[in-house]
Each structure stands twice: as structure tokens, then as C-alpha cells.
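This report walks through one protein model, beginning with a term that helps in reading it and then moving from single residues to the fold as a whole. Please keep the structure in view while you read.

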Amino acid sequence: GYELSSSGLRIGQKLYPYSSFKSFSFVREGAINSVQLTPLKKLMPPISAYYKAEDEEKIADILGSHLPLDEVQPHSLDRISRRLKL
């Protein structure tokens, strides 16, 4: 499972400290909602965590106290793969 704390995002046993990320964004794909953390390191992939829609405000409050919200648009490759349903 996922857990947000004052030190970072925990996914299972691994803790990702907020200091490793430059921003966060919400990704909404139909009924599926996820929050994506954008890493400071170029070679590290973004970290995504899925959540229930009713938890979004709470997640925004916690993450927003540590990281800026980035209103990113889906990458063009993501849009193409969604259209093709890959």
C-alpha cells in the first residue's frame, strides 16, 4: 500500500523522501486517479501512486506542504498509447 507521512511517500517497504522530488501532479484517466511525483534526477522515472477520488484534497494538502503542484499535461506518447489502447 501507499502511505504519506511528514518524511515522504512510502510504497510497501520503500520510503521516497520529498527531497528527491521537484513537484507533484494529479493524473486523471477516466475512473483511475493517480498522483505522480517528478524526481529531481533526470534518470529516475516518476513515481505514481493510485488513490480514491475522495482522498485527493487530503493528498494535495500533505504533498503541497512539501512540494509544488505541477499542472502537467499528459505526454504526447501517453495520449497516443491511450488512443491505441496499448
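Two residues are said to be in contact when heavy atoms of theirs lie within 4.5 Å. With that meaning in hand, and remembering that this is a predicted model, we can turn to Ala 49, a residue of strand β6, which covers residues 47–51. Once its neighbours within four places in sequence are left aside, Ala 49 is in contact with Tyr 2, Leu 9, Asn 33, Ser 34 and Val 35.

Is Ala 49 buried or exposed? Ala 49 counts as buried because its relative accessibility is 5%, and the cut-off for that word is a value under 20%. Ile 32, which is found in strand β5, has a relative accessibility of 51% and therefore counts as exposed, since that word asks for a value over 50%. Together with Tyr 2 and Tyr 50, Ile 32 makes a nonpolar surface patch of about 340 Å².

Tyr 2 also leads us to a sheet, where this residue stands opposite Ile 11 in β2. Strands of a sheet pair through backbone hydrogen bonds, and they may do so in a parallel or an antiparallel way. Here β1 and β2 run antiparallel and are joined by 3 bridges. The open sheet to which they belong has 3 strands in the order β1-β2-β3, with antiparallel pairing. Its edge strands are β1 and β3, each of which pairs on one side only, and from one strand to the next the twist averages 20 degrees.

The strands named so far have these residue ranges:

| Strand | Residues |
|---|---|
| β1 | 2–4 |
| β2 | 8–11 |
| β3 | 14–17 |
| β5 | 32–39 |
| β6 | 47–51 |

Stepping back to the whole protein, its secondary structure comes to 2 helices and 6 strands, which follow the pattern β-β-β-β-β-β-α-α along the sequence. Of the 86 residues in the protein, 26% are buried. The accessible surface comes to about 6,200 Å², and carbon and sulfur atoms hold 55% of that surface.

Methods
Residues are numbered from 1 along each chain as its sequence is written. This is a predicted model: local features need pLDDT of at least 70, side-chain atom pairs count only at pLDDT 80 or more; totals for chains, interfaces and linings use all residues. Side-chain values use heavy atoms; hydrogens and water are left out. Patches are made of residues with over 30% relative accessible area and no salt bridge: like charges are joined within 9 Å, nonpolar side chains (Val, Leu, Ile, Met, Phe, Trp, Tyr) within 5 Å. Accessible areas come from the Shrake-Rupley method with a 1.4 Å probe; for residues, only the protein chains shown count as cover. A salt bridge is a side-chain nitrogen of Lys or Arg within 4 Å of a carboxyl oxygen of Asp or Glu. Helices (H or I, at least four residues) and strands (E, at least two) are DSSP runs, numbered from the N terminus. Buried means under 20% relative accessible area, exposed over 50%, partly exposed in between (1.4 Å probe, protein chains only). Two strands pair if DSSP finds at least two bridges between them. Axes are lines fitted to C-alpha atoms, for helices over the stretch in contact, and angles run from 0 to 180 degrees between N-to-C directions.
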